[in-house]
Amino acid sequence: MEKIEIEYNGKKLVLETGRVAKQANGSVWVTYGDTTVLVAATAEKTKSKLDFFPLTCVYQVKTYSRGKISGGFIKRERMPSEMEILASRMIDRPLRPLFTAGFSSETQVIATVMSWDDEANTISASMLGASAALLISDIPYETPIAGVNVGLINGEFLINPSPKQLEESELDMFMVAKEGAIVMVEAGAKVVSEDVIVDALNFGYDAIQPLIQMQKDLLKVAGKKKRAVEPPKENVNLKKAVAKYARKKLQGVLDISDKMERQDAFQALIEEACGKLVDEEKEIFEAEVKGLMYDLEKELIRENILKNGKRIGGRAFNEVRPIACEIGILPNSHGSAMFTRGETQAIVVTTLGTKDDEQMVDDPNGLSFKHFYLHYNFPAYSVGEVRRMAAPGRREIGHGNLAERALRSQLPAKESFPYTIRVVSEITESNGSSSMASVCGASLAMMDAGVPIAAPVAGVAMGMVSDGKKNVILTDILGDEDHVGDMDFKVVGTAAGITALQMDIKIDGLSTEVIKEALEQAKEGKLHILNEMSKAIENTRDTIASNAPRFIQYRIAPAKIREIIGPGGKIVKGIQAESGAKVEIDDSGIINISSADQKSAEHALALIREITQEVEIGTVYDGTVVSIVDFGAFVEILPNTQGLVHISEISSERVNKVKDVLSEGQVVKVKAIGLDKRGKLKLSMKALE
């Protein structure tokens, strides 16, 4: 058993191996404060026959980690939560490009959170454990990385802020770095400048370096010999033959700006090349020729960008594709928009609901409710494909979450706009950056729905092609540019600053100088897109759709809450039954009335006002005699509010017996004349004569 221990960010951090999960290729027991994560890495001995690296990263949280038992009938963990899926993606993305080139065995990294500490970041601990487990294993992975959360409170950066601190933080950034470079960024913000982002990255990078050194120390005492990786054999002669036959023709294909036309021409060229070059007797097979054609395509796209200053379709490096924006395209939705940028298109719909429509989230942080959520759908037809219909995958959940957090900071306060807001992005065409189209479309659809957002939000996807010496940054990348490029950097925000970031690197990493350059170029693109969006709608609509729920908010004294609810909820149920509106009351005395139409909501409000109104001395009321006693009659003038008409206040003439003049159930006019010594209400009929 080997153990490395340091003090990190005010807590004890321990990496331990050789005691738990010893049959995995590599395993690390991570302890950070009271957080405990077991990370195990395993890989098959045989090579995969798939045409991609089959890596699976899983982050899972056991309910026992917080001393809880799963809800529902089935008391064991089942489907991963959205939080677990997003964390799994964050672990996968920086690890994947760092495996030794040529390694293709099926590999699995599982991080199991076994003890949860709110004050000690579990995803940071899991990322550290995943890198360390791979590093000390025999799996061909040799680059230690680590990740931290960076927050910003009162102008001061902090590492791994607690959930409570994140509520007041202007920035929530999770970043991953290795020695010498940053490899991944995922961030949400309340609108911060590009300079703040760069400063946060530098701060986080410095904080990660002790975690890198910790893994190096563990490697020295517990590292295994790495498996040999046989680099793929290259048929040099065939490669030359493919280039000689297809290079010039392929260059012509890449000049075609239309995606589907370009793809069809490329597939025709592949078939043509296979027909010319495949010779099974000489062991030249179709799959090999096809692979070399795809390699040649990548080589040419990159060469055109780096050497010839030429993109697919002929755009400038900082040019955004043509944009078209339409709003109100769906007559029965509360708000809708269609955002088209080049060959990427999103139809985005906003639906307004009541508190009953909030999404319940049950995770280790406890039970909570979301009144804003965004769903992203990516059907196969959007890229001209046919595939099995299935539940949303990791990619769809990840893209939806990015768009959601980008917009969240611009939403109105729940107190001023008490609606639940659901936004759905349907991708109808895709040629790169559909998540950014979703952000732009969502901003337009919410404005169309009358949601008073603080400012419109737009996003742009940035790419980069690098030869190690020269870096070319591309604005608004196509799918092909993303596929062959070295960076996918999504930047989202308002005209004033950034609200979200997502960056994935396919090379060793990036310096903050290159990231700063990309942010500045992204700012230009973002402002251009916002200007195009403003041509469709500049400001949020003044009114919401006629078929949207209606809300009325009314405040009463907390002491009056019991009068509205009544015994067993009798009163509030009666109000709802009579008016047809839904009435919700919180402990502070705020009443939310929601209804499908304004008339029902106003009727419910009138009933509530009637119950909660205060008696005004000197005011005349119509009251009902509820009981008669020898010295007078008790009259109810408001719901649950009675006063005494003393026998001397019934008439200016002498009254011998109250029952001679009044009877129970009789409606009489009375005047509120004051309070007695005990604070009881005094009423008079005589005062009206």
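Figure 1. The whole structure shown here is a predicted model. Met446 has a relative accessibility of 0%, and because buried means under 20%, this residue counts as buried. When neighbours within four places in sequence are set aside, Met446 is in contact with Thr350, Phe372, Leu407, Leu411, Ile421, Val423, Val451 and Ile453. Ser336 is 110 residues away from Met446 in sequence, yet the C-alpha atoms of these two residues are 7.5 Å apart in space.

Figure 2. Eight strands, in the order 8-7-9-10-21-20-18-19, form an open sheet whose pairing is antiparallel. Strand 8 (156-159) and strand 19 (471-475) stand at its edges, and each has a single partner strand, so that one side of each is left without a neighbour in the sheet. On average, and with direction ignored, neighbouring strands of this sheet are turned by 20 degrees against each other. In general, the strands of a sheet pair through backbone hydrogen bonds, and they do so either parallel or antiparallel.

Figure 3. Strand 10 (residues 181-192) pairs with strand 21 (residues 497-505) in the antiparallel sense, and the pairing extends over six bridges. Within this view, Val185 stands opposite Met503, a residue of strand 21. Helix 1, made of residues 82-95, packs on the sheet and touches strand 9 (171-178), strand 10 and strand 21, with a direction that makes about 140 degrees with that of strand 10. Helix 4, made of residues 194-222, lies across strand 7 (146-153), strand 8, strand 9, strand 10 and strand 21, and runs at about 45 degrees to strand 9.

Figure 4. Most residues other than glycine have a negative phi. Val191, which is found in strand 10, has a positive phi near 85 degrees although this residue is not a glycine. With a relative accessible area of 24%, Val191 is partly exposed. Asp476, found in the loop between strand 19 and helix 10 (479-484), also has a positive phi without being a glycine, in this case of about 55 degrees. Asp476 counts as buried, at 1% relative accessibility.

**Figure 5. A buried charged residue, Glu297.** Glu297 lies in helix 7, which covers residues 286-306. This residue is buried and yet has no salt bridge, and the nearest side chain of opposite charge, that of Arg262, is 5.9 Å away. Apart from neighbours within four places in sequence, Glu297 is in contact with Leu250, Leu254, Phe266 and Asp480.

**Figure 6. The nonpolar cores.** The largest nonpolar core contains 162 residues, of which Met173 and Phe489 touch the most other members. Helix 4 contributes the largest share of this core, namely eleven residues. If residues up to four places away in sequence are not counted, Phe489 touches Val460, Ala461, Met462, Leu501, Gln502, Met503, Ile515, Ala518 and Leu519.

Note on methods:
Residues numbered from 1 in each chain as written. Predicted model: local features only at pLDDT ≥ 70, side-chain atom pairs only at ≥ 80, totals over all residues. Heavy atoms only, no water. Helix = DSSP H or I, 4+ residues; strand = E, 2+ residues; numbered from the N terminus. Buried < 20%, exposed > 50% of the residue type's maximum accessible area, 1.4 Å probe, protein only. Lys, Arg positive; Asp, Glu negative; His and termini not counted. Salt bridge = Lys/Arg side-chain N within 4 Å of Asp/Glu carboxyl O. Contact = heavy atoms within 4.5 Å. Pairing = 2+ DSSP bridges. Axes fitted to C-alpha atoms, helices over the stretch in contact; angles between N-to-C directions. Core = buried A, V, L, I, M, F, W, Y, C linked by side-chain atoms within 4.5 Å.
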